[in-house]
Amino acid sequence: MHYQTGSGSCKVPLKRSVATDPMERIERMAAAHAVVIFSDSTCCMCHTAKRLFCSLGVSPVVYEIDQDPRGEDLSKALLRLHGGAAPVPTVFIGGKLVGAIDSVMASHINGSLVRLLKEAGALWL
Amino acid sequence: MASHRVGEPAALSDSGAPHHHHHHIPYAVPYMLHHPTNSNFINQEGPAFDFGELEEAIILQGVKINNDDKKQHLYTAIRPAATLDMFPSWPMRFHQHTTRGSSKSGEESTDSGSAVNTLSNTPESPSDHRQPPPPPPQMDAAGGIDSPRMSGSQSQPPAKPAPEKTLRRLAQNREAARKSRLRKKAYVQQLESSRIRLAQLEQDLQRARSQGLFLGGGGAASGSISSGGAIFDMEYSRWLDDDHRHISELRTALQAHLSDGDLRVIVDGYIAHYDEVFSLKGAAAKSDVFHLITGMWTTPAERCFLWMGGFRPSDLIKMLIPQLDPLTEQQFMGICSLQHSSQQAEEALSQGLDQLQQSLVDTIANGSVNDSMHHMAIALGKLANLEGFVRQADNLRQQTLHQLHRLLTIRQAARCFLVIGEYYGRLRALSSLWASRPRESMIAEDNSCQTTSDLQMVQASQNQFSNF
């Protein structure tokens with residue numbers, strides 16, 4: 001699991017453009033890795049999401065938005081994005097939005113989660 | 001449809017085994033207990049007791065019944081539920097027969113003894129009706145039957161029966177027997193639903209009682225069920241009644257071999273029925289999550305297996321797999337994979353809940369005297385997350401049921417949901433039986449009455465389990 005705090009510590013040397021629009025930031029961050037989880041370090045449901053992916057043998061990249069200086073904006077944008085009960089956890093796979101924890105659970109039960117993970121290259125076998 | 005379970009005529013003339021018939025009472029619970037190893041949960045139709053057939057057999061084979069004892073046994077053998085004396089289709093004549101001519105031989109059952117009447121070929125029977133005739137061992141049972149009646153119609157001394165009349169009477173008997181069977185079935189179904197309602201009432205009563213005690217003893221503020229919890233309990237009990245109805249519908253649909261299209265409608269209805277309970281639980285989680293998560297809305301046996309406010313989906317699938325045979329290879333793989341995914345999701349949710357509990361413990365333990373209100377506020381905030389976990393657990397349950405529906409053919413799905421419904425029905429029945437079992441503490445403690453108490457206990461338990 002890789003934790004990213006703030007917007008600057010990416011492993012890829014990007015030109016440090018200040019993308020103020022939270023939605024753009026989210027899209028950028030989501031596209032950067034195969035499995036991305038927007039989380040809150042104090043949120044227990046986020047812990048559930050992280051544990052689930054670990055149990056599948058996947059290493060998700062986690063953004064703790066409570067440790068981001070503009071976490072509030074991110075939170076509002078995430079809520080707008082999937083219209084769920086809580087902004088976090090929100091999961092992206094292969095840059096595409098999977099959704100909040102209930103969508104993740106539903107897609108795991110119906111078998112589509114593993115397929116998405118394989119397509120994004122996060123899982124082999 | 002000659003019911004092979006009807007005591008063969010030869011058996012009737014033996015001294016008894018009237019207890020045979022207890023096997024045939026079509027109550028759900030005794031049926032289950034009689035077939036514990038039967039892996040097929042689908043309840044067969046209760047055996048039909050065909051009186052028309054019985055009478056034919058008796059007439060045609062000439063059962064020899066010529067003493068009181070055997071008559072007594074016959075009486076109980078033919079009436080399948082001797083304790084349930086409430087089938088108005090039984091003619092009063094029958095009772096009169098047993099009280100009159102006590103030494104008369106074989107007074108038979110069924111609605112019409114007149115058919116037997118016509119077969120009588122003993123001319124002396126009309127004159128014998130007042131005195132006990134010396135029963136000749138070779139005497140046809142038919143000869144002793146209904147001879148009192150014959151005295152009333154002396155204008156027609158029937159020498160030989162007209163075959164057409166006999167056949168007509170036999171047909172009438174069959175018809176009457178059929179009607180009687182249907183009435184009995186309806187009555188038993190009523191009994192079953194009342195039993196379920198009774199179980200719910202008992203549960204509510206116990207809960208109220210225990211909370212009443214709590215109020216009296218502890219004097220704590222709120223011992224009663226919250227309004228949210230009470231509302232949910234009411235709605236849930238209505239849902240249980242619906243469930244019972246759906247199960248019966250599934251069962252009859254499967255036995256009637258309806259078309260796939262018709263079955264689909266019923267199965268979809270059952271899925272919608274479960275969707276409904278999850279939505280009810282969702283509303284209840286908002287108003288009183290503790291009521292759900294402590295399982296106070298379920299029966300004790302269900303509570304035993306409670307996971308996050310309901311059943312554990314992977315356990316349900318584990319139970320289902322052997323019941324769903326035969327499955328194709330692909331279906332089997334799909335269901336195993338479903339079980340595996342469910343286990344992973346359950347594990348993740350459990351770990352999340354553990355973290356919540358740990359965090360709560362830390363907050364409550366670390367509150368200083370000065371800071372206590374602040375810490376309480378934080379703790380309250382964390383508690384609010386419980387609702388999310390119960391909701392996700394219910395979501396998992398709902399998704400699992402939907403996926404099962406997707407993996408199976410329509411007929412398999414119907415059987416699958418029937419099994420599920422019956423399984424939880426039995427758990428609930430188990431709870432109510434357990435609650436009403438005789439307990440030693442309720443018997444007087446006086447040592448001198450020990451034997452009587454023991455007797456009472458044994459008797460009580462016998463009465464309790466006499467159906468089994």
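A salt bridge is defined here as a side-chain nitrogen of Lys or Arg within 4 Å of a carboxyl oxygen of Asp or Glu. In the predicted model, B:Asp243 forms such a bridge with B:Arg428, the closest N and O atoms being 3.5 Å apart. B:Asp243 lies in helix H11 (residues 227-255) of chain B and B:Arg428 in helix H19 (residues 410-435) of chain B, so the pair ties together parts that are 185 residues apart in sequence. Helices (H or I, at least four residues) and strands (E, at least two) are DSSP runs, numbered from the N terminus. Both B:Asp243 and B:Arg428 are buried, where buried means under 20% relative accessible area, exposed over 50% and partly exposed in between (1.4 Å probe, protein chains only). Salt bridges with shared partners join B:Asp243, B:Glu302 and B:Arg428 into one network.

This is a predicted model, in which local features need pLDDT of at least 70 and side-chain atom pairs count only at pLDDT 80 or more, whereas totals for chains, interfaces and linings use all residues. Residues are numbered from 1 along each chain as its sequence is written, chains are lettered from A and ligands numbered from 1 in the order in which they are written, and side-chain values use heavy atoms, with hydrogens and water left out.

Over all chains, the search finds 16 salt bridges. In chain A, A:Asp68 pairs with A:Arg25 in a salt bridge whose closest N and O atoms are 2.8 Å apart. A:Asp68 lies in the loop between strand S3 (61-64) and helix H3 (71-82) of chain A and A:Arg25 in helix H1 (residues 22-31) of chain A, so this bridge links parts that are 43 residues apart in sequence. A:Asp68 is buried, at 10% relative accessible area, and A:Arg25 is buried at 2%.

Between chain B and chain A, 20 residues of chain B are in contact (heavy atoms within 4.5 Å) with 16 residues of chain A. Helix H16 (329-365) and helix H18 (385-407) of chain B each supply at least two residues of the side of chain B that touches chain A. H16(B) gives the most to that side, with eleven residues. Across this interface the rule finds zero salt bridges.
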